[in-house]
Amino acid sequence: MRSVFKLFIVLFLFISCSQEKEAKSLKLSHGLSLDHPVHKALAFFAQRVEEKSKGELIIEVYPGGQLGSERQSLELLQLGGLAMTKVSSAVMENFSPKLRVFGYPYIFRDREHRYKLYDSDLGRELLSDGEKYWLRGLTYFDAGSRSFYTKDTPIETPDDLKGLKIRVMQSPTAINLIKTLGGSPTPVSWGELYTSLQQGVVEGAENNLPSFYTSRHYEICKNFSMDEHSAIPDILVISTQIYNKLSSEEKKWIQEAAQEASVKQRELWEIAETEALEAIKQEGVTITYPDKELFKEKSSHIIKDLEKTEPELYNTIQEIKNLGNE
């Protein structure tokens, strides 16, 4: 009788284990450090997916460029070799041309204006443009405003950029903007920028405050100019090769968690900007507040020229500028 009971228990455990769903795992790559607010938002995203799916769907986050640069990660997504990545929309524009719009100067009035676009039908339309290139945008992560920082020359007017080698992303729009303002644009990957600044490959760069701080670029560059020439969001992207194989329930978990992470990231970002500004001041960085109108005036023709050369892009920029003014 006891042996029959033992056999029953063994069979019960075997059947129970076989009925348990094996957890599905998706890899997510990005190039930021662990203390960056966007990484924290991605960790939150992974946590919410796991909670919503009750452990059936796991997002494995690989920070610090472990799985390659942003461009390499996007190429892996297109092939289905990687599930998700966080990239700058400036890099994404090489794969999704409509996203070039974010690289143009002074199209946003303030933070609230950016949020309004991210949450609008137009914002969602721009996100979906990458689907025909096997890249589905899930949500935006705010990346604040981008400003110049340099090793030696404080940037107070566009003339101060003349001849300076300024690091830019692999973005034709970003390259054109730096040229227009008088600088010498030099594409360098984010992971190589610290060394490039050290060795004089470039003399400065442009980015937001939290990225400047968490990358420790303040150790080399002691001048930060708050010209705030552009506001280029990050985008959470999933491979359509992977996405199309997910169940409707799995897609729902991911999309809901992405939206929650986007809201969470905005809170983290606002805190990070304040903390970064105070921290770099304590590290001896000189903060300058140049007349933005000088930068706007010198770069304004970039947008004006689009009215003739690319009217569709020009109209999209005007639509963005007018959001909230209706």
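**Helices and an aromatic pair**

Modeller: In this predicted model, helix α5 (residues 111-118) packs with α11 at an angle of about 160°, and their axes are 13 Å apart.

Biologist: Why are α5 and α11 called roughly antiparallel to each other?

Modeller: Angles over 145 degrees count as roughly antiparallel. The angle here is about 160°, and α5 and α11 are therefore roughly antiparallel. The crossing of α5 past α11 is right-handed.

Biologist: Which residues of α5 and α11 meet?

Modeller: From α5, R111, Y115 and Y118 meet R266, W269, E270 and E273 of α11. Sorted by class, this contact has three nonpolar, four charged and no polar residues.

Biologist: How many aromatic pairs does a search of the whole structure find?

Modeller: The search finds eight aromatic pairs. One of them joins Y149 and F212, with 4.4 Å centre to centre.

Biologist: What makes the pair of Y149 and F212 tilted?

Modeller: Planes under 30 degrees apart count as stacked and those over 60 as edge-to-face, while the rest are tilted. For Y149 and F212 there are 50° between the planes, and the pair is tilted. Y149 lies in strand β5 (residues 146-150) and F212 in helix α9 (residues 209-214), so the pair ties together parts that are 63 residues apart in sequence.

Methods:
Residues are numbered from 1 along each chain as its sequence is written. This is a predicted model: local features need pLDDT of at least 70, side-chain atom pairs count only at pLDDT 80 or more; totals for chains, interfaces and linings use all residues. Side-chain values use heavy atoms; hydrogens and water are left out. Axes are lines fitted to C-alpha atoms, for helices over the stretch in contact, and angles run from 0 to 180 degrees between N-to-C directions. Helices (H or I, at least four residues) and strands (E, at least two) are DSSP runs, numbered from the N terminus. Angles under 35 degrees count as roughly parallel, over 145 as roughly antiparallel, 65 to 115 as roughly perpendicular and the rest as oblique. A crossing is left-handed if the near helix is turned anticlockwise from the far one by less than a right angle, and right-handed if clockwise. Contact means heavy atoms within 4.5 Å. Ala, Val, Leu, Ile, Met, Phe, Trp, Tyr, Cys and Pro count as nonpolar, Asp, Glu, Lys and Arg as charged, and the others, Gly among them, as polar. Rings of Phe, Tyr and Trp (its six-membered ring) pair if their centres lie within 6.5 Å; planes under 30 degrees apart count as stacked, over 60 as edge-to-face and the rest as tilted.
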